[in-house]
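Student: Hi! Could you walk me through this one?
Tutor: Happy to, let's bring it up.

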Amino acid sequence: MTLAASLFPILCWIFYTVFASWLEKRRPSLSIIMGAQRHRWVRNAVRRETPMDAILSGNLMGAVSFFASTTVLIILAMIAVFGQVNAVLDAVTVMQPALDVDKAAVERHLVIFLLMCVMAFLSFTLSLRQFNHFCIMLGAADDSEESDPEEIYIMAALNTIAARNFNQGIRAYYFSIGMIAWFVSAWAAIAVSLVIFASILYREFFSAARELVAGLKVEVIEPAGKKGQVGAKTVGAKTVGAKTVGEKTGAQKP
């Protein structure tokens with residue numbers, strides 16, 4: 001039971017990624033909708049000469065850098081805890097007197113917890129590197145002439161991929177609450193993980209913020225196909241009363 005409860009939060013974290021990818025094909029998530037806004041941002045950024053876009057990019061990288069640095073401190077703290085396993089075992093025994101928890105179970109749980117933190121750190125550092133690549137491409141764009149739609153699409157896609165990796169690391173923080181709950185009770189770890197799973201799912205697919213952003217229609221110019229044609233698709237739709245503004249054939253409505 002203790003092993004299953006130790007693995008449950010990290011399995012929920014992995015399963016959420018798979019399940020969300022499947023659900024996004026049927027109902028666009030907040031991340032998918034914001035991906036279209038990122039494309040809109042890049043399309044406007046290559047046409048202006050203000051430092052605003054550099055500031056925005058710096059803010060994004062600063063947030064990712066903060067979490068990456070914080071995760072390193074958590075990993076170091078977790079390593080230090082291995083030297084105090086007996087004290088941790090005494091505390092767990094007091095909180096779970098009915099469950100026979102031994103030293104091996106505590107060490108195993110700490111190893112799984114540490115693995116989860118390392119995976120989160122890798123997600124944050126990968127996101128930081130991809131945002132850095134995005135900044136390089138944004139700086140390399142020539143605003144003196146009409147930008148290539150394919151170049152805009154690639155920059156926006158790189159920004160979106162970086163955001164997805166950042167979200168993956170943030171979810172590790174969420175599900176780590178279930179890992180902490182394990183020290184109180186094995187059932188608490190399972191219950192907390194399920195609540196967090198449902199909470200994240202609601203925020204991504206059914207929250208008020210998602211519905212508001214989904215009401216905006218954004219045209220995404222896709223890169224040239226095999227015949228050299230540039231395609232376009234519409235994400236979201238802005239509705240006024242019972243009437244859709246600027247609706248196009250093939251538009252995807254939330």
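Tutor: We'll go through salt bridges and then a serine.
Tutor: This is a predicted model, where local features need pLDDT of at least 70, side-chain atom pairs count only at pLDDT 80 or more, and totals for chains, interfaces and linings use all residues. Residues are numbered from 1 along each chain as its sequence is written, and side-chain values use heavy atoms, with hydrogens and water left out.

Student: How many salt bridges are there?
Tutor: The count comes to three salt bridges, each being a side-chain nitrogen of Lys or Arg within 4 Å of a carboxyl oxygen of Asp or Glu.

Student: Which residue forms a salt bridge with Arg164?
Tutor: That's Glu24, with the closest N and O atoms 3.0 Å apart. The pair links distant parts of the chain, 140 residues apart: Arg164 is in helix H6 (residues 149-181) and Glu24 in helix H1. Helices here are DSSP runs (H or I, at least four residues), numbered from the N terminus.

Student: And what about Glu211?
Tutor: Glu211 meets Arg27 at 2.6 Å, N to O, and also forms a salt bridge with Arg210, at 3.2 Å between the closest N and O atoms. Shared partners join Arg27, Arg210 and Glu211 into one network.

Student: New topic: is Ser57 buried or exposed?
Tutor: Ser57 counts as buried because its relative accessibility is 4%; buried means under 20% relative accessible area, exposed over 50%, partly exposed in between (1.4 Å probe, protein chains only).

Student: What is Ser57 in contact with?
Tutor: Leaving aside neighbours within four places in sequence, Ser57 is in contact with Trp41, Phe134, Cys135 and Leu138. Contact means heavy atoms within 4.5 Å.

Terms used:
Helices (H or I, at least four residues) and strands (E, at least two) are DSSP runs, numbered from the N terminus.
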